[in-house]
Amino acid sequence: MNPTREVIIVGAGPAGVGAAAMLRRSAVQDLLVVDSHEVGASFRRWPAETRFITPSFFSNPFGQIDLNAVTPDSSPALFSGEEHPGGERYAGYLRAVLEEYRIPVLAPAKIVKVALLASGNYLLTTDSGQRLETKALVWATGEFQFPDREGFPGASLCRHYADIGSWRELEPDAHVVIGGYESAVDAAVNLLEGGAAVKMLTRSAPWSTNHISDPSISLSPYSRERLAKALNNPRLEVYEDADVCGVSRLKAPEVGYLVRARDGRAWRADHPPVLATGFRCGGGATQIAPFFAWSEDGYPRLTPEDGSTLFPGLYLVGPHVRQAQNIYCFIYKFRQRFPLVAAAISRHLGLPVEGLLAPWADVPDAVCCPDVGCDC
């Protein structure tokens with residue numbers, strides 16, 4: 001077995017990479033990032049046409065951090081040259097951050113077992129049998145690899161948004177999209193651009209309201225703008241108040257699928273409907289569910305520092321964190337939690353915490369992206 005680490009972070013997406021960089025700025029120096037695939041794996045598996053709905057803009061020298069950055073001294077916009085980066089470019093940005101901060105990565109290495117030792121340390125076992133021991137464990141496995149396929153009977157017959165490699169792979173004729181939020185709009189717009197006709201079935205109409213206190217609840221301006229243009233396309237039909245309750249195959253000799261709503265309406269689809277209803281509640285935390293207490297709405301109960309309420313030394317970062325009804329599903333939201341987690345880990349390890357609680361305010365006068373792999 002390898003020597004005991006101070007911190008192991010499971011997940012090399014924006015939450016894991018950002019938390020690792022935050023810890024590197026602290027007194028913690030012995031850390032390792034582990035991922036079952038590769039750095040930025042979820043982003044590399046986005047549909048090829050998918051882009052960030054939050055815009056990236058390089059204004060770090062003026063004290064304003066790029067919304068999609070995971071460190072205060074970097075900018076995905078400057079790295080990729082795009083305001084709305086795609087998945088591949090963003091994964092490259094995450095790799096650049098790891099290299100700049102000299103953070104070691106073990107990948108691919110899938111964690112298949114987590115155990116709590118009598119010492120209070122955590123023992124992680126990989127699919128190859130490698131055993132890793134750590135004094136503190138950060139779980140950062142995200143949401144995208146945990147699509148929700150159980151929303152209604154027959155949901156497994158659909159193509160989930162997370163399974164699409166490119167919208168150009170789908171037949172350019174008629175499609176049904178189930179959902180009304182960001183991924184549903186993205187699916188509909190891309191299918192239309194490929195020449196398809198689209199019926200979008202939405203239980204609610206998130207574009208009809210503007211929730212000023214939390215943009216996670218209403219549709220983003222980026223998606224609103226795209227949808228507004230798409231509504232002028234005669235090949236798009238939007239059905240509101242369509243609470244889908246089931247999908248079934250048509251009986252021979254008919255071919256295709258029948259999508260049913262609770263109010264009795266039904267729509268026929270020649271191809272598997274596109275399921276754009278989001279991801280499993282609780283995300284990657286469900287992989288180690290016994291290590292957390294769970295709320296009634298399906299999210300891990302956490303300490304004020306995002307630690308497990310059951311076991312000390314275990315922390316959660318990423319979009320599945322909930323604190324005081326706050327939803328941290330965007331990068332610019334959950335990165336605010338990194339200093340709290342880093343300070344809690346430092347205290348757990350008996351290390352100093354000075355300067356950790358406000359690092360996002362400490363921005364250099366001129367930075368690149370960080371200083372590797374950029375086009376500036």
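## Ground rules

The model is predicted, so local features need pLDDT of at least 70 and side-chain atom pairs count only at pLDDT 80 or more, while totals for chains, interfaces and linings use all residues. Residues are numbered from 1 along each chain as its sequence is written, and side-chain values use heavy atoms, with hydrogens and water left out.

Helices (H or I, at least four residues) and strands (E, at least two) are DSSP runs, numbered from the N terminus.

## Helix 5

Helix 5 covers residues 182-193, twelve in total, and its end C-alpha atoms are 17 Å apart.

Eleven of the twelve residues are buried, so helix 5 is mostly covered; buried means under 20% relative accessible area, exposed over 50%, and partly exposed in between (1.4 Å probe, protein chains only). Among the buried ones are Glu182, Asp186 and Asn190, along with Val185, Val189 and Leu192. The cover includes strand 8 (174-178), strand 9 (197-201), helix 6 (221-230), strand 10 (236-239) and strand 14 (274-275). After helix 5 comes Gly195, with a positive phi near 95°.

## The sheet

Which order do the five strands of the open sheet take? They go 7-14-8-9-10, with parallel pairing; two strands pair if DSSP finds at least two bridges between them. Strand 7 (159-160) and strand 10 sit at the edges, each pairing on one side only.

Strands 7 and 14 run parallel and are joined by two bridges, and His160 stands opposite Leu275 of strand 14. Helix 5 lies across strands 8, 9, 10 and 14, at about 165° to strand 9. Here, contact means heavy atoms within 4.5 Å; axes are lines fitted to C-alpha atoms, for helices over the stretch in contact, and angles run from 0 to 180 degrees between N-to-C directions.

## Ser59

Ser59 belongs to the loop between helix 2 (41-44) and helix 3 (76-80). With a relative accessible area of 14%, Ser59 counts as buried. A polar atom of its side chain lies 2.8 Å from the backbone oxygen of Gln64.

Technical notes. The expected span of a helix is 1.5 Å times one less than its number of residues. A polar contact is a pair of N or O atoms within 3.5 Å; within protein, one must be able to donate a hydrogen and the other to accept it, and residues adjacent in sequence count only if both atoms are side-chain atoms.
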